[in-house]
Amino acid sequence: MDILALPTRSRVLDVPCGQGRHAHPLAEAGFRVEGLDYSQHLIDIARERGTGPTLKYARGDMRKLPMRWTARFDAVLNLFTSFGFFTDAADDADVIREFARVLKPGGTLVWHGGSRDGVMAKFLSRDWWKSDDGTMIGHERSFDPLSGLLTIDTAWEGPSGRGTRQHRIRLYTASRLADLCLDAGLVVEEAYDGFHDRPLTRRSGEMLLVARKRELPRPRSRPGPIRRDSRARRANAS
Ligand SMILES: C[S@@+](CC[C@H](N)C(=O)[O-])C[C@H]1O[C@@H](n2cnc3c(N)ncnc32)[C@H](O)[C@@H]1O
(Lines give C-alpha, C1' and ligand atoms only; values in the text may rest on other atoms or scores of the structure.)
Protein backbone atom coordinates (compact mmCIF):
# COMPACT_ATOMS: atom_id res chain seq x y z
CA MET A 1 0.00 0.00 0.00
CA ASP A 2 3.05 2.25 0.24
CA ILE A 3 2.96 2.42 -3.55
CA LEU A 4 -0.59 3.72 -3.48
CA ALA A 5 -0.12 6.25 -0.69
CA LEU A 6 -3.86 6.03 -0.12
CA PRO A 7 -5.46 7.84 2.80
CA THR A 8 -7.07 5.62 5.41
CA ARG A 9 -10.78 4.96 4.81
CA SER A 10 -10.09 4.71 1.07
CA ARG A 11 -12.18 2.05 -0.63
CA VAL A 12 -10.16 -0.98 -1.75
CA LEU A 13 -11.34 -3.99 -3.74
CA ASP A 14 -9.26 -7.18 -3.43
CA VAL A 15 -10.21 -9.42 -6.36
CA PRO A 16 -9.92 -12.35 -6.31
CA CYS A 17 -9.42 -12.27 -2.57
CA GLY A 18 -9.05 -16.01 -1.86
CA GLN A 19 -9.22 -16.54 1.89
CA GLY A 20 -8.79 -12.84 2.66
CA ARG A 21 -5.09 -12.84 3.48
CA HIS A 22 -4.71 -9.31 2.06
CA ALA A 23 -8.24 -7.98 2.61
CA HIS A 24 -8.17 -8.67 6.33
CA PRO A 25 -4.94 -6.80 7.24
CA LEU A 26 -5.91 -3.95 4.89
CA ALA A 27 -9.18 -3.47 6.78
CA GLU A 28 -7.24 -3.60 10.04
CA ALA A 29 -5.01 -0.86 8.65
CA GLY A 30 -8.03 1.43 8.27
CA PHE A 31 -9.17 0.91 4.67
CA ARG A 32 -12.74 0.12 3.67
CA VAL A 33 -12.23 -3.23 1.97
CA GLU A 34 -14.36 -5.52 -0.15
CA GLY A 35 -13.17 -8.92 -1.30
CA LEU A 36 -14.62 -10.99 -4.12
CA ASP A 37 -13.80 -14.57 -5.07
CA TYR A 38 -15.41 -17.33 -7.11
CA SER A 39 -14.82 -19.98 -4.46
CA GLN A 40 -17.53 -20.11 -1.77
CA HIS A 41 -15.21 -22.29 0.30
CA LEU A 42 -12.50 -19.60 0.35
CA ILE A 43 -15.05 -16.84 1.01
CA ASP A 44 -16.30 -18.85 4.02
CA ILE A 45 -12.74 -19.11 5.37
CA ALA A 46 -12.24 -15.37 4.82
CA ARG A 47 -15.48 -14.57 6.67
CA GLU A 48 -14.43 -16.79 9.58
CA ARG A 49 -11.35 -14.56 10.00
CA GLY A 50 -13.74 -11.70 10.56
CA THR A 51 -15.96 -9.18 8.81
CA GLY A 52 -17.42 -5.83 9.84
CA PRO A 53 -18.56 -2.46 8.49
CA THR A 54 -15.15 -1.95 6.82
CA LEU A 55 -14.60 -5.51 5.60
CA LYS A 56 -17.07 -7.31 3.38
CA TYR A 57 -16.82 -10.38 1.19
CA ALA A 58 -18.87 -11.47 -1.79
CA ARG A 59 -18.88 -14.51 -3.98
CA GLY A 60 -18.70 -13.65 -7.67
CA ASP A 61 -16.97 -13.86 -11.02
CA MET A 62 -14.36 -11.20 -11.71
CA ARG A 63 -15.50 -11.09 -15.36
CA LYS A 64 -18.79 -9.57 -14.18
CA LEU A 65 -18.49 -7.48 -11.06
CA PRO A 66 -21.66 -6.08 -9.46
CA MET A 67 -23.13 -3.12 -11.37
CA ARG A 68 -23.56 -1.17 -8.12
CA TRP A 69 -19.74 -1.07 -7.84
CA THR A 70 -19.29 1.27 -10.83
CA ALA A 71 -16.73 4.00 -9.91
CA ARG A 72 -16.78 2.87 -6.25
CA PHE A 73 -13.14 2.05 -5.45
CA ASP A 74 -9.97 4.09 -4.95
CA ALA A 75 -7.88 0.98 -5.59
CA VAL A 76 -8.33 -2.49 -7.06
CA LEU A 77 -5.82 -5.19 -6.10
CA ASN A 78 -5.24 -8.26 -8.27
CA LEU A 79 -2.50 -10.12 -6.44
CA PHE A 80 -0.50 -13.35 -6.51
CA THR A 81 -1.20 -14.89 -9.90
CA SER A 82 -4.90 -14.10 -9.99
CA PHE A 83 -5.18 -13.49 -13.73
CA GLY A 84 -5.01 -15.46 -16.98
CA PHE A 85 -7.35 -18.26 -15.88
CA PHE A 86 -9.71 -18.31 -18.85
CA THR A 87 -9.65 -20.42 -22.00
CA ASP A 88 -10.68 -17.43 -24.07
CA ALA A 89 -8.22 -14.52 -23.84
CA ALA A 90 -11.15 -12.13 -24.41
CA ASP A 91 -12.28 -12.99 -20.87
CA ASP A 92 -9.00 -11.65 -19.49
CA ALA A 93 -9.63 -8.40 -21.38
CA ASP A 94 -13.14 -8.30 -19.85
CA VAL A 95 -11.62 -8.66 -16.38
CA ILE A 96 -9.38 -5.63 -16.93
CA ARG A 97 -12.40 -3.67 -18.24
CA GLU A 98 -14.33 -4.61 -15.11
CA PHE A 99 -11.45 -3.45 -12.90
CA ALA A 100 -11.48 -0.14 -14.78
CA ARG A 101 -15.25 0.22 -14.45
CA VAL A 102 -15.31 -0.18 -10.68
CA LEU A 103 -12.43 2.27 -10.13
CA LYS A 104 -13.11 5.93 -9.48
CA PRO A 105 -11.54 8.29 -12.02
CA GLY A 106 -7.91 8.69 -10.88
CA GLY A 107 -8.14 5.35 -8.97
CA THR A 108 -5.36 2.77 -9.07
CA LEU A 109 -5.09 -0.84 -10.21
CA VAL A 110 -2.29 -2.89 -8.66
CA TRP A 111 -1.66 -6.03 -10.70
CA HIS A 112 0.80 -8.66 -9.53
CA GLY A 113 1.64 -11.97 -11.16
CA GLY A 114 4.05 -13.81 -13.42
CA SER A 115 5.94 -11.96 -16.11
CA ARG A 116 6.06 -13.90 -19.36
CA ASP A 117 9.43 -12.40 -20.35
CA GLY A 118 11.08 -13.49 -17.10
CA VAL A 119 9.42 -16.91 -16.99
CA MET A 120 10.65 -17.57 -20.55
CA ALA A 121 14.18 -16.33 -19.75
CA LYS A 122 14.48 -18.91 -16.95
CA PHE A 123 12.12 -21.57 -18.31
CA LEU A 124 12.29 -24.83 -16.35
CA SER A 125 10.59 -27.61 -18.29
CA ARG A 126 10.93 -30.10 -15.43
CA ASP A 127 11.71 -30.09 -11.72
CA TRP A 128 10.96 -32.23 -8.66
CA TRP A 129 11.53 -32.18 -4.91
CA LYS A 130 10.71 -34.06 -1.70
CA SER A 131 8.20 -32.51 0.71
CA ASP A 132 8.54 -32.64 4.53
CA ASP A 133 6.49 -35.85 4.79
CA GLY A 134 8.62 -37.59 2.16
CA THR A 135 6.21 -37.14 -0.77
CA MET A 136 7.99 -36.77 -4.14
CA ILE A 137 6.44 -33.97 -6.22
CA GLY A 138 7.30 -33.37 -9.87
CA HIS A 139 6.33 -30.63 -12.34
CA GLU A 140 6.46 -30.73 -16.13
CA ARG A 141 5.85 -27.50 -17.97
CA SER A 142 5.08 -26.71 -21.58
CA PHE A 143 4.40 -23.37 -23.18
CA ASP A 144 2.47 -22.36 -26.30
CA PRO A 145 3.87 -19.02 -27.53
CA LEU A 146 0.85 -18.20 -29.71
CA SER A 147 -1.83 -18.48 -27.03
CA GLY A 148 0.57 -17.64 -24.18
CA LEU A 149 -0.71 -20.69 -22.31
CA LEU A 150 1.61 -22.32 -19.79
CA THR A 151 0.58 -25.89 -18.94
CA ILE A 152 1.88 -27.44 -15.73
CA ASP A 153 1.50 -31.17 -15.09
CA THR A 154 2.04 -32.10 -11.46
CA ALA A 155 2.55 -35.65 -10.19
CA TRP A 156 3.08 -36.76 -6.58
CA GLU A 157 3.73 -40.03 -4.76
CA GLY A 158 4.40 -40.67 -1.09
CA PRO A 159 2.96 -41.57 2.31
CA SER A 160 -0.17 -39.50 1.65
CA GLY A 161 -0.84 -41.22 -1.68
CA ARG A 162 -0.25 -40.53 -5.35
CA GLY A 163 -1.93 -38.47 -8.00
CA THR A 164 -1.65 -36.16 -10.99
CA ARG A 165 -3.12 -32.77 -11.79
CA GLN A 166 -2.99 -30.37 -14.74
CA HIS A 167 -3.05 -26.62 -14.37
CA ARG A 168 -3.10 -23.99 -17.15
CA ILE A 169 -2.54 -20.27 -17.04
CA ARG A 170 -2.10 -17.57 -19.69
CA LEU A 171 1.10 -15.60 -19.19
CA TYR A 172 1.32 -11.92 -20.11
CA THR A 173 4.16 -9.58 -20.88
CA ALA A 174 4.08 -6.18 -19.22
CA SER A 175 3.58 -4.52 -22.59
CA ARG A 176 0.57 -6.71 -23.50
CA LEU A 177 -1.02 -6.04 -20.13
CA ALA A 178 -0.33 -2.34 -20.52
CA ASP A 179 -2.15 -2.49 -23.88
CA LEU A 180 -5.15 -4.26 -22.29
CA CYS A 181 -5.17 -1.62 -19.57
CA LEU A 182 -5.01 1.23 -22.07
CA ASP A 183 -7.95 -0.22 -24.02
CA ALA A 184 -9.90 -0.08 -20.75
CA GLY A 185 -8.85 3.50 -19.89
CA LEU A 186 -6.08 2.56 -17.44
CA VAL A 187 -2.56 3.90 -17.90
CA VAL A 188 0.29 1.77 -16.51
CA GLU A 189 2.57 4.26 -14.79
CA GLU A 190 4.96 1.99 -12.87
CA ALA A 191 6.37 -1.52 -13.32
CA TYR A 192 8.31 -3.30 -10.56
CA ASP A 193 10.23 -6.55 -10.18
CA GLY A 194 7.47 -8.28 -8.19
CA PHE A 195 7.19 -6.84 -4.69
CA HIS A 196 10.78 -5.58 -4.74
CA ASP A 197 11.42 -1.87 -4.85
CA ARG A 198 13.31 -2.07 -8.15
CA PRO A 199 12.24 -1.78 -11.77
CA LEU A 200 10.89 -4.68 -13.79
CA THR A 201 13.52 -6.26 -16.06
CA ARG A 202 13.29 -8.83 -18.83
CA ARG A 203 14.50 -11.47 -16.33
CA SER A 204 11.97 -10.66 -13.57
CA GLY A 205 9.87 -13.78 -12.99
CA GLU A 206 7.14 -11.69 -11.33
CA MET A 207 5.88 -8.20 -12.02
CA LEU A 208 3.87 -5.62 -10.19
CA LEU A 209 2.18 -3.02 -12.37
CA VAL A 210 0.53 0.16 -11.13
CA ALA A 211 -2.09 1.60 -13.47
CA ARG A 212 -4.15 4.75 -13.02
CA LYS A 213 -7.68 5.23 -14.33
CA ARG A 214 -7.89 8.28 -16.53
CA GLU A 215 -9.79 11.19 -15.06
CA LEU A 216 -13.08 11.85 -16.82
CA PRO A 217 -12.48 13.52 -20.17
CA ARG A 218 -13.21 17.24 -20.00
CA PRO A 219 -16.43 18.07 -21.88
CA ARG A 220 -15.52 19.49 -25.24
CA SER A 221 -16.71 23.07 -25.71
CA ARG A 222 -19.27 23.00 -28.45
CA PRO A 223 -19.38 25.78 -31.00
CA GLY A 224 -22.46 27.72 -29.97
CA PRO A 225 -24.02 31.07 -30.80
CA ILE A 226 -21.45 33.86 -30.49
CA ARG A 227 -22.26 36.05 -27.52
CA ARG A 228 -21.90 39.74 -27.81
CA ASP A 229 -18.92 39.98 -25.37
CA SER A 230 -16.90 37.25 -27.14
CA ARG A 231 -17.58 39.00 -30.46
CA ALA A 232 -16.11 42.07 -28.90
CA ARG A 233 -13.00 40.15 -27.77
CA ARG A 234 -12.52 38.78 -31.28
CA ALA A 235 -12.83 42.17 -32.75
CA ASN A 236 -10.25 43.52 -30.32
CA ALA A 237 -7.90 40.67 -31.10
CA SER A 238 -7.89 41.26 -34.84
C1 LIG B 1 -3.87 -17.89 -6.74
S2 LIG B 1 -5.36 -17.54 -5.87
C3 LIG B 1 -4.98 -15.94 -5.22
C4 LIG B 1 -5.99 -15.39 -4.27
C5 LIG B 1 -5.57 -14.09 -3.54
N6 LIG B 1 -5.35 -13.00 -4.46
C7 LIG B 1 -4.36 -14.32 -2.67
O8 LIG B 1 -3.30 -13.77 -2.95
O9 LIG B 1 -4.48 -15.05 -1.68
C10 LIG B 1 -6.49 -17.27 -7.21
C11 LIG B 1 -7.93 -17.11 -6.80
O12 LIG B 1 -8.71 -16.83 -7.96
C13 LIG B 1 -10.02 -17.29 -7.70
N14 LIG B 1 -10.76 -17.32 -8.97
C15 LIG B 1 -10.61 -18.16 -10.01
N16 LIG B 1 -11.44 -17.82 -11.03
C17 LIG B 1 -12.16 -16.75 -10.61
C18 LIG B 1 -13.19 -15.95 -11.19
N19 LIG B 1 -13.66 -16.19 -12.43
N20 LIG B 1 -13.68 -14.91 -10.47
C21 LIG B 1 -13.24 -14.66 -9.22
N22 LIG B 1 -12.27 -15.40 -8.61
C23 LIG B 1 -11.73 -16.42 -9.30
C24 LIG B 1 -9.78 -18.63 -7.01
O25 LIG B 1 -10.92 -19.08 -6.31
C26 LIG B 1 -8.58 -18.30 -6.12
O27 LIG B 1 -9.00 -17.91 -4.85
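The structure is a predicted model, in which local features need pLDDT of at least 70, side-chain atom pairs count only at pLDDT 80 or more, and totals for chains, interfaces and linings use all residues. Residues are numbered from 1 along each chain as its sequence is written.

By these classes, the shell around the ligand comprises eight nonpolar, four polar and four charged residues. The ligand is surrounded by 16 residues, the closest being Pro-16, Gly-18, Tyr-38, Ser-39 and Phe-80; a residue is near a molecule if its C-beta atom, placed from the backbone, lies within 6 Å of it.

The protein contains six helices and eleven strands. Two strands are taken to pair if DSSP finds at least two bridges between them. Strands of a sheet pair through backbone hydrogen bonds, either parallel or antiparallel.

Angles run from 0 to 180 degrees between N-to-C directions, and axes are lines fitted to C-alpha atoms, for helices over the stretch in contact.

Within this sheet, strand E4 (residues 73-78) and strand E5 (residues 103-114) are parallel and share five bridges, with Ala-75 opposite Thr-108 in E5. The pairing of E5 with E11 is antiparallel and involves seven bridges; here Leu-109 faces Ala-211 in E11 as its opposite residue. E10 and E11 likewise run antiparallel, joined by seven bridges, and Tyr-192 stands opposite Leu-208 in E11.

A second sheet, also open, consists of four strands in the order E6-E7-E8-E9 with antiparallel pairing. Its edge strands, strand E6 (126-130) and strand E9 (161-170), each pair on one side only. Neighbouring strands of this sheet are turned by 15 degrees against each other on average, direction ignored. Five bridges connect E6 to strand E7 (residues 136-144) in the antiparallel sense, and Lys-130 has Met-136 in E7 as its bridge partner.

A residue is buried if 20 or more other C-beta atoms lie within 10 Å of its own, exposed if 12 or fewer, and partly exposed in between, with C-beta atoms placed from the backbone. In soluble globular proteins, nonpolar side chains tend to be buried together. A nonpolar core is a set of buried Ala, Val, Leu, Ile, Met, Phe, Trp, Tyr and Cys residues joined through C-beta atoms within 7 Å. The largest such core has 46 residues, of which Val-12, Val-76, Phe-99, Val-102, Leu-109 and Leu-209 touch the most other members. Helix H3 (residues 89-102) supplies the largest share of this core, five residues.

Apart from its neighbours within four places in sequence, Leu-209 is in contact with Trp-111, Ala-174, Leu-177, Val-188 and Ala-191. Of the contacts in the protein with a separation of 6 or more, 55% are between residues 24 or more positions apart.

Several local features complete the picture. A cis peptide bond joins Val-15 and Pro-16, with omega about -10 degrees, and Pro-16 lies in the loop between strand E1 (11-14) and helix H1 (23-28). Pro-16 is also among the closest residues to the ligand. Arg-9, in the segment before E1, has a positive phi of about 75 degrees although it is not a glycine. Arg-9 counts as exposed because 10 other C-beta atoms lie within 10 Å. Thr-81, in the loop between E4 and H3, has a positive phi of about 55 degrees and is not a glycine either; Thr-81 is partly exposed, with 13 other C-beta atoms within 10 Å.

Technical notes: Helix = DSSP H or I, 4+ residues; strand = E, 2+ residues; numbered from the N terminus. Nonpolar A, V, L, I, M, F, W, Y, C, P; charged D, E, K, R; others polar. Contact = placed C-beta atoms within 7 Å.
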